[in-house]
Amino acid sequence: MSGALLNLSGVSLAFAGNTVLQNVDFQVAEGAVVSLIGPNGAGKTSLFNCITGFYKPQSGAITFDGHELLKLRPHRVTASGIARTFQNVRLFREMTVMQNVMSGMHSRTRSGAIAAILRLPSQRAEEAAIRDYCEGCLRFVGVGPEEYDRIATTLAYGHQRRVEIARALATQPKLLLLDEPAAGLNAGEKQDLIALIRRIRDERGISVLLIEHDTGLVMQVSERISVLDHGAMIAEGTAKQIQSNPKVIEAYLGQEDAEAELDF
Ligand SMILES: Nc1ncnc2c1ncn2[C@@H]1O[C@H](COP(=O)(O)OP(=O)(O)O)[C@@H](O)[C@H]1O
Ligand SMILES: [Mg+2]
């Protein structure tokens, strides 16, 4: 799929001789919602870390929207149009909700952190524009004005996850990587998350790559699903194809929660 927005080809990663990713080929088409599933320890988060520049694979190539990502440092990867959330929510502890989201957008602005310190007139105008934009991101994910000035880590867990998504949206990405965004959410919050993922793609035109354990959610929201097992891609297809793929069933057997995992 040479026209893909994101293309990984032959990506291999090892730590101290332990293979984490083996010769991984993987694509995300522009405008798609794609999920990456696989047993614990399969290498899913490591694959995100390779895309975002936190891990450097020993071999392979990753291209995104005309950029060779493996040549870029993490902040340049963000600037190229990729944003992410983390498996364990990572909000800045001392900052308010609004400051957390604004930190995302500062990574995109020219004057950046310097504007916040010097407060020159043009930069003050820029700061106001940033705040407006971030308010829009918070409204979009369903966090209200009464929460903007609270310390982000004091919010209910489900709302912390939303703030993290708002911070990612504030970088104005073309591709959003979500690492287990449903973990710790209740059934109602999961439904809200499904609706939010659809709106991110449909209303903002952002492609979404989702790592998720909740296979019911994965099936509802993804057009394509890829399955990673022991660092190797073992299957790719629609939810129906993946559900009945013997290699996938085999990969999940032996997992304590095998039944839950395959409960499509
Ligand atoms: N920085 C690291 N150093 C050493 N091993 C790592 C590192 N990051 C990940 N791994 C190993 O890579 C494997 C895959 O981990 P991970 O990508 O977190 O899996 P998943 O997200 O699919 O559960 C695990 O065995 C993990 O211990
Ligand atoms: Mg993980």
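I take two strands as paired if DSSP finds at least two bridges between them. The model I examined is predicted.

**Entry 1: the four-stranded sheet.** I looked up the strand order and found an open sheet of four strands, S2-S1-S4-S5, with antiparallel pairing. Strand S2 (18–28) and strand S5 (67–68) are at the edges with a single partner strand each, so each has one side without a neighbour in the sheet. I then traced strand S4 (residues 59–64), which is joined to S5 by two bridges. Here Thr 63 stands opposite Glu 68 in S5. I also noted helix H1 (residues 44–51), which lies across strand S1 (6–15), S2 and S4 and runs at about 65 degrees to S2.

**Entry 2: the six-stranded sheet.** I recorded a further open sheet, ordered S6-S7-S8-S3-S9-S10, with mixed pairing. Its edge strands are S6 (82–84) and S10 (232–237), each pairing on one side only. Neighbouring strands are turned by 20 degrees against each other on average, direction ignored. I followed strand S3 (residues 33–37) and strand S8 (residues 207–211), which pair in the parallel sense over four bridges. Val 33 stands opposite Val 208 in S8. Helix H7 (residues 187–204) packs on this sheet and touches S3, strand S7 (175–179) and S8, its direction making about 150 degrees with that of S8.

**Entry 3: the nonpolar core.** I found 68 residues in the largest nonpolar core; among those touching the most other members are Val 208 and Ala 166. Domain 1 (1–81 + 174–264) and domain 2 (96–172) each supply at least three residues to this core. Leaving aside neighbours within four places in sequence, I listed the contacts of Ala 166 as Val 101, Cys 137, Leu 138, Val 141 and Val 143.

Conventions: Residues are numbered from 1 along each chain as its sequence is written. Chains are lettered from A and ligands numbered from 1 in the order in which they are written. This is a predicted model: local features need pLDDT of at least 70, side-chain atom pairs count only at pLDDT 80 or more; totals for chains, interfaces and linings use all residues. Axes are lines fitted to C-alpha atoms, for helices over the stretch in contact, and angles run from 0 to 180 degrees between N-to-C directions. Two residues are in contact if their C-beta atoms, placed from the backbone, lie within 7 Å. A nonpolar core is a set of buried Ala, Val, Leu, Ile, Met, Phe, Trp, Tyr and Cys residues joined through C-beta atoms within 7 Å. A residue is buried if 20 or more other C-beta atoms lie within 10 Å of its own, exposed if 12 or fewer, and partly exposed in between; C-beta atoms are placed from the backbone. Domain bounds come from an automatic or database domain assignment.
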